[in-house]
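Here is my note on the aromatic contacts, as numbered points. Please read it beside the sequence and the model.

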Amino acid sequence: MPYSKILIFLVISTSLLAQSPRTGVVTGKVIDKNTQEALVGAGVQIENTQVGTTTDVEGRFKLTVPVGSVNLKATIVGYIALTKYNIVVTSGNAQTLTFELEEENKTLGEVVVKSNRVTAAATTLETPNSIQRLTTEEIRSNPGGNFDISRVIQSLPGVGGTSGSVGGFRNDIIIRGGAPNENVYYIDGIEIPVINHFTTQGAAGGPTGILNVSFIEDVTLSSSSFDARYDNALASVFQFKQREGNRERFQGNVRLSASELAGTFEGPLSKKTNYMLSARRSYLQLLFEAIDLPIRPNYWDFQYKVTHRINPKTTLTAIGVGAIDEFAFGVPRQSTPENTYILRSVPSIQQWNYTTGFAIKRLIENGYVNIALSRNMFENRLDRFENQEKIEAKRILGSESQEIENKLRVDVNKFINGWKFAWGGVAQYVKYNNDFNARIRSEIRNAQGVLIQPELRTRFNTAVDFFRLGAFGQISKGFLDNKLNLSAGVRTDMNTFTNDGMNPLRTLSPRVALSYSLDEKWSLNASVGRYFKLPIYTVLGYKNEAGQFANKDNKYINSNHFVLGTEFLPKSTMRFTLEGFYKNYNDYPVSVRDGVSLANQGGDFGAIGNERTSSVGQGRAFGFEFLFQQKLTKKTFAVFSYTFVRSEFSGLNGTLIPSAWDNRHLVSALWGQKLGRNWELGIRYRFAGGAPFTPFDLDASRRNYLTLGTGVLDFNRLNAERLGAFNQLDIRIDKKWNYRRWTLDLFLDLINAVPTESPAFPRYTFQQSADGAGFATTDGQAVRLDGSNAIPFILPNDRGTPIPTLGFIVEF
């Protein structure tokens, strides 16, 4: 038989085998949300079918269902039913879920009021507004997301993620006009400071996320009304909840795409212990070399979770996340203006980071206790030289720093007669080191040797260690048959480094929130709160020329939030929200050298801080946001959000001007359709109004370009101009084949499917000579060091290119 006929026969046979009826497994547990106790005898059922099961004495269930997308509902007498939507069941991997059910009021009134509020709604008693939630499937299937949690988050209302420095290709998470470093991130109750590769030190943003979506059960974003247990948040709190590993058998998945290879593995270690672990390796450096870009980004990341059930009331969890990043350069085949600019302006980056920790959850009478011990470390090395000539005389930037935090967190949670109480504290031991050397301006002399511009350089070697302490309390209760929910909290934070850091009254931060259910569909909510954040370590560790810590007088940054909104739930699968917000800021660090608030910084690669600052900055952000969300119904789901936001901060002159994050208008729309025969289509559209930017000081740029590799900004015209609007359409198509014990998922992710420009900050350079070997001059002579005979050229930076990613996932 000819080989072609054999191949056709095998393909047809395999396809028929894959399309024969298959089943998958969903496992998990059902627990009381307030006490974390197992709920025995709870029903778990596929919505609108008779397929279901009940939980055992440990609150666990196992359900075998046909492959495809299903909605699962958990019920038990005395508790409000809960539905989880769009659970994708495959024959390759078992799905592991946790249902947390709330007790219902003993009166009929609340049963009616709560009928819709526990399904599409994301609010809680403690946080009745400014909260959103994403499930693992919403993250995994998000068009243009490329399995990147940091990028998918940008679909939520109030969230901007496009940095003007590089168009839409960074994960600078901007929440309601705040800076990227105003957010905090927690995984299973353990804080993780770094969630992006090639992160900007002091700002948290970067081009691609670290976290593995296969570990995540859901993500919760609070953009106000923060629970008092979370410290150092000014703009938002992200909570990443990880699932448990498979308790019965080994399973895993391997993902291969145009830019990376990733593997995830899980299974039981014993009857009481299960694990998950993963590793990912990028090969972007090969792709960039093939398309003749001079940058060679290269990264690894790793993640693990081990869960051990010591006894029915005590669980020990070990988690870890880490990454290794290298951003180097190669010699391009063509010397284009773009390639030349990149080689002269971008630093090489070598980073590694990790967060590891242990968490114990102990069930007690009417509640539970969490104890978490963790350590995180971030090492960042930056180097930049004139013309990539790696000698000290040509050094523009050199920084080798480490940030280390050792943390102990304890919180007690009780639920008594409808009252929820939580209290606890945190103690941290912090170390920060930095050997820093940066040329701010070069010495410039004219042809006669007369000094035109003296050198300005920042150089210091610092090492600091200190303690951070915090305590909190929170109380919540429903009244009037739970139509009226009230929550109030307070916390304080201290440190042993800054001058007034040990004054607990200085950072006393009360907050109160309420929600009132008008009927079973409508509710009103409001909140007021004050929040504090310690200045970033690059600011605290800065030393002046005398070798003294120059920023010990910096204060905690504080922000006051005021939020008013409404929520409408016309049915259990649909949600509308409308919220107005106002935030004011005080004591923001301002650069003494440039007079600019650090709230404007963080959207570029490298680091911010490392200079003398003064806590005199003020700011405000205000606006409103609208959200429509349709959970999976009749094989369709959709999300639409619109945000209007103004963001303004002041510098040394005290004048409020638009910040770098003042995009004004943010639009995000997502539509997904489950098609027949395991096909799925997703479309996402994003729009962001033009970001403000600072034009160049043309005279200073000409004098300094050859020795700095970049133009010099004119801070007298800070954010005086705006980029064009950013908009992008992304499309994703998935096709799954389910075999007996494994699943193949083939996906096509097309970013910027309808090519549009991605406006980014303009770049100052000199016009190249005709042969590309140097710079053109006005007199035909070699370019002078002060650039006086060069031909200035503003390099456009708005090219938008479609980026297709074809890949596959094998589950087994």
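1. Lys552 sits over the face of Phe497, 5.2 Å from the ring centre. Arg255 does likewise over Phe147, at 4.4 Å from the ring centre. A charge counts as over a ring if NZ of Lys or CZ of Arg is within 6 Å of the ring centre and within 35 degrees of the ring normal.

2. On the source: this is a predicted model, where local features need pLDDT of at least 70, side-chain atom pairs count only at pLDDT 80 or more, and totals for chains, interfaces and linings use all residues. Residues are numbered from 1 along each chain as its sequence is written, and side-chain values use heavy atoms, with hydrogens and water left out.

3. The whole structure holds 44 aromatic pairs. Rings of Phe, Tyr and Trp (its six-membered ring) pair if their centres lie within 6.5 Å; planes under 30 degrees apart are stacked, over 60 edge-to-face, the rest tilted.

4. Phe61 and Phe99 are tilted, because their planes meet at 55 degrees, with centres 6.1 Å apart. The pair links distant parts of the chain: Phe61 is in strand β4 and Phe99 in strand β7, 38 residues apart. Strands are DSSP runs (E, at least two residues) and helices likewise (H or I, at least four), numbered from the N terminus. Phe61 is buried at 4% relative accessibility; Phe99 is buried at 0%. Buried means under 20% relative accessible area (1.4 Å probe, protein chains only).

5. Tyr705 and Phe775 are edge-to-face: centres 6.1 Å apart, planes at 75 degrees. Tyr705 lies in helix α8, Phe775 in the loop between β43 and β44, so the pair ties together parts 70 residues apart in sequence. Tyr705 is buried at 0%, and Phe775 is buried at 17%.

6. Ring pairs also join Trp522, Phe568, Phe576, Phe626, Phe628 and Phe640 into a cluster.

Technical notes: Buried means under 20% relative accessible area, exposed over 50%, partly exposed in between (1.4 Å probe, protein chains only).
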